[in-house]
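Subject: Structure handover

Hello,

Here is the structure I said I would pass on. My notes on the sheet and the helix packing follow below.

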Amino acid sequence: MTEAWIRAVVEAIHSTPSQAVIYLSGGASQSLGLLMSVPGATSTVLEALVPYSRVSMVDLLGKIPASYCSQQTAEEMALLAYNRALKLSSPGAPVVGVGFTGSLASSRPKLGDHRFHLSTRTSNQLYASTVTLSKGIRTREQEDTVSSQFLLKALSKACRVVQQTTGSPLSESDSLNELEKQFTEDEELQQVIDGQICFKIYPFSDPPNAERKIILPGSFNPLHDGHLKLLEVATSLCGNGYPCFEISAINADKPPLTVSQIKDRVKQFERVGKTVIISNQPYFYKKAELFPGSAFVIGADTAARLINPKYYDGSYEKMLEILGACKARGCTFLVGGRSTDGVFKVLEDLEIPEDLKDMFVPIPAEMFRMDISSTEIRRSRGMM
């Protein structure tokens with residue numbers, strides 16, 4: 001693989017809309033330099049981390065791995081990187097997680113094989129490869145070059161760059177084992193329900209040039225004009241942002257949604273051309289971790305529950321601490337009026353703690369008031 005070919009691959013990666021998080025341990029270090037040295041890296045590389053020590057790897061994985069250099073560890077790293085990329089990416093951008101772990105030539109002879117394990121994860125694909133290198137025919141730098149070339153090629157494939165035929169950097173005595181698995185939509189959604197991936201986005205609307213998401217969470221059973229109008233008004237108040245609806249597959253006090261139920265609800269958004277996110281976090285403090293810097297659109301009834309110590313084990317201080325963490329992540333709440341027990345309430349009717357007041361922004365009643373509920377719609381349609 002020539003320098004010209006490698007540069008062309010990196011340029012092609014940067015020309016795609018994909019954004020990546022890369023976790024490397026024990027090799028492929030040149031790949032980061034190559035990615036960062038070509039213009040366009042800031043739009044592709046969201047984060048790169050080198051958990052080189054065992055303590056660092058345990059901290060990343062959240063456990064002691066069965067083996068620090070194995071295909072399973074590379075796949076777990078790639079999945080962690082994919083979930084991290086989902087959180088850091090621009091609205092609607094396709095994301096890639098890359099995991100790499102290697103045991104290459106070092107200052108001391110190694111008893112085991114010189115090898116590396118590589119994995120990439122996208123929304124619907126897992127790629128994994130294991131390469132065993134012949135001992136004694138390359139220096140450490142040369143082995144790092146080989147592993148870096150493999151990583152760049154795998155990343156380009158995950159970014160859907162058209163693959164060009166090129167010579168392999170492997171010798172006849174080296175070995176390569178590859179695995180590729182495609183995920184169906186049903187499998188992706190089940191992974192969200194099971195907590196393997198943190199969310200799946202359906203970008204039915206074109207994403208604007210904005211980093212911030214404006215999110216209206218709900219069950220949307222069914223989606224109605226009130227929901228659409230509320231998010232439209234909230235977006236106009238924010239000035240700039242990516243309007244999204246969000247459904248949690250996991251409910252705090254009900255069974256999880258099934259894959260079939262989720263797909264039925266997603267179809268509603270496809271029909272009206274609105275983006276929807278399927279997550280697995282029913283609580284707002286967890287949503288804030290998933291979507292830092294976002295504006296959440298809620299009703300006054302939800303805002304009242306958010307500031308009620310009853311939902312924080314009866315502790316006012318715990319409520320302040322948890323919502324303060326949401327604030328520290330740059331999240332805000334846009335609050336629309338809501339009829340509760342026949343009474344229309346707005347943000348001004350609530351006693352917001354002084355330290356949190358700037359987190360809550362009212363949606364004026366003259367801009368939005370629609371006394372309609374999904375419950376009434378379901379009842380009128382005989383769905384209850």
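In what order do the six strands of the open sheet run? The order is β2-β1-β3-β4-β5-β6, with mixed pairing.

Before the details, the model is predicted: local features need pLDDT of at least 70, side-chain atom pairs count only at pLDDT 80 or more, and totals for chains, interfaces and linings use all residues. Residues are numbered from 1 along each chain as its sequence is written, and side-chain values use heavy atoms, with hydrogens and water left out.

Sheet

Helices (H or I, at least four residues) and strands (E, at least two) are DSSP runs, numbered from the N terminus. Two strands are taken as paired if DSSP finds at least two bridges between them. The edges are β2 (45-49) and β6 (175-182); each has a single partner strand, so one side of each has no neighbour in the sheet. On average, neighbouring strands are turned by 10 degrees against each other, direction ignored.

Seven bridges pair β1 (residues 19-25) with β3 (residues 95-103) in the parallel sense.

β4 and β5 are antiparallel, with eight bridges, and form a hairpin with three residues between them. Here H114 has L133 of β5 as its bridge partner. β5 also runs antiparallel to β6, again over eight bridges, and A128 is bridged to L179 in β6. Eight of the nine residues of β5 are buried, so this strand is largely enclosed by the rest of the structure. Buried means under 20% relative accessible area, exposed over 50%, and partly exposed in between (1.4 Å probe, protein chains only).

Helices

Axes are lines fitted to C-alpha atoms, for helices over the stretch in contact, and angles run from 0 to 180 degrees between N-to-C directions. Contact means heavy atoms within 4.5 Å.

Helix α5 (residues 71-88) lies across β1, β2, β3, β4 (114-121), β5 (125-133) and β6, at about 150 degrees to β3.

Helices α2 (residues 29-37) and α6 (residues 140-158) pack at about 55 degrees, with their axes 7 Å apart. That makes α2 oblique to α6 (under 35 degrees counts as roughly parallel, over 145 as roughly antiparallel, 65 to 115 as roughly perpendicular, and the rest as oblique). The contact is made by S29, Q30, S31, L34 and L35 of α2 with E141, D144, T145, S148, L151, L152 and L155 of α6.

Regards
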